[in-house]
Amino acid sequence: MAALRQAACRSLFRPLKTHNVSRNLFTKASPIRPESPLTAGIYATALVLSTGLFAVYYFDARSALHRYVIMPVLRQTLDAETSHKIAVKVLRSGLGPKDPVTDDEHLMFELWGHRISNPIGLAAGFDKDGEAIDGTVFLPVWVEIGSITPKPQPGNPKPRVFRLPEDNAIINRYGFPSQGHATVLSRVRARLPKFLTGEETKASLRDGSLLAVNLGKNKESPADSIDDFVAGVRTFGPHSDVLVVNVSSPNTPGLRGLQNKVSLEALLTGVTQARDSLPPSYLTSQRPRLVLKIAPDLDQSQIEDIANVIKNTGIDGVIVSNTTIQRPSHLLSASRTENGGLSGLPIKPYTLTALKTLRANLPPHIPIIGCGGISNGEDALEYARAGATMVQVYTSFGYDGVGTCRRIKDQIVETLQKEGTTWAEIVKKSVDEYSLREELPETRDGQGTVNQLIEEAQHLNKLLDELGRKMDSVDHRTVVAAS
């Protein structure tokens, strides 16, 4: 019996046999059965399809992937400045998303004789050193690089960019970090084709869009000096469609002082003379347009002074506006107390107020570009109805990603189609209604200057006819003498 009990115990505690035997250093692995060709094919096909599907979504700027996946992940994992740099590098690489849709005709308008495909531009501050021009120009219609200073400078100490997500806003105190004129100019030149075909009409190298260069001032330069801006005009004039004179950043000491009437008159006179002295661009056969960028923190009398200077100096347009130093009481974010310029949704009321005041003090032929708190189509249309010819985005581009411009354009088109109108028609109506009406002086007999202009034209025509007859007579005498 004892032997029987021992045998039963050994049987009870003997390990069960199993096919999943653990391996150690001294065990030999059983051979793994190879997968069938059908299974391997299914796995490979799934991988290719999923990769292709991701690529289709990624390279299409319209994809919700950018707004609802990529951008939130970047915000949660990286600080604002690092995210900014990564976005620029991706677009520079040529691997950034593109907008594959042709702009709707409802969006088309004219600016300085150029036919522009849509009214959405990207403000300065995103591509500070012109690294991603060709990767960005397929998203907004106006790409503005800079601000660029003559000499390289690092800008203000970090951290210097702060998200305010609860307020859809950003505060930055970058302070014009710039690689300088020489570096950015070489980069701008490098993108040009080696052999010009003669068909290039814009420095953007893309039909229906414009390349703007935002000119800044070195921190060490004298506060009242205009030399940095004049140097910028001479350096980038031949390679740009538009030059933007930035005197409104709150992060460079003394810069906003150039907005006062006396200083601004000297500055704008200097840059227009520098521009006019340039030969027509070898690229566009034109000289660049000059645009002034102002702050939203100006009072009515300051804006009126600026308008008078603009009218007297030949500036071609105005951007309203840069960031604000004001802090609305309704801001919620913990970063609201940071020093610097506030941009995004909270700035919109300030910008619209400044724009309306300026529009009322400028004639219709000087366009205003609205910038501040534009994140959807209705925001853009609100600016158009206030007298802006086109608009720029910045903060919404940083929050929502590369699809921002297409989304805003689609929303505008939807509204325009419902109202049976176009962007150009809305702009014309508001500009005609709100712009300064310059009354022409009357003559002594009470007749308007239209008759006076007709008389002067007729007199000029007579002088030209007389000059033509004299030239014909001289030519005739020359021919007779030669014979």
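Which residues make a nonpolar surface patch of about 300 Å²? Tyr68, Val69 and Val73 make it. This is a predicted model, where local features need pLDDT of at least 70, side-chain atom pairs count only at pLDDT 80 or more, and totals for chains, interfaces and linings use all residues. Residues are numbered from 1 along each chain as its sequence is written, and side-chain values use heavy atoms, with hydrogens and water left out.

**Helix 9**
- Buried here (under 20% relative accessible area; exposed is over 50%, partly exposed in between, 1.4 Å probe, protein chains only) are Ile303, Ile306, Ala307, Val309, Ile310 and Thr313.
- These buried residues fall within an arc of 165° seen down the helix axis, so they line one face (the arc is that of directions from the axis to the C-beta atoms).
- They pack against helix 8, strand 9, strand 10 and helix 10 (contact means heavy atoms within 4.5 Å).
- Gln300 and Asn312 are exposed on the face turned away from the buried side.
- Glycine 314 follows the helix, with a positive phi near 80°.

**Valine 73**
- Valine 73 lies in helix 3 (residues 64–77) and counts as partly exposed at 46% relative accessibility.

**Serine 221**
- Serine 221 sits in the loop between strand 7 and helix 7 and is buried, at 19%.
- Its C-alpha atom is separated by 10.0 Å from that of glycine 254, 33 residues apart along the chain.

Terms used. Helices (H or I, at least four residues) and strands (E, at least two) are DSSP runs, numbered from the N terminus. Patches are made of residues with over 30% relative accessible area and no salt bridge: like charges are joined within 9 Å, nonpolar side chains (Val, Leu, Ile, Met, Phe, Trp, Tyr) within 5 Å. Accessible areas come from the Shrake-Rupley method with a 1.4 Å probe; for residues, only the protein chains shown count as cover. A salt bridge is a side-chain nitrogen of Lys or Arg within 4 Å of a carboxyl oxygen of Asp or Glu.
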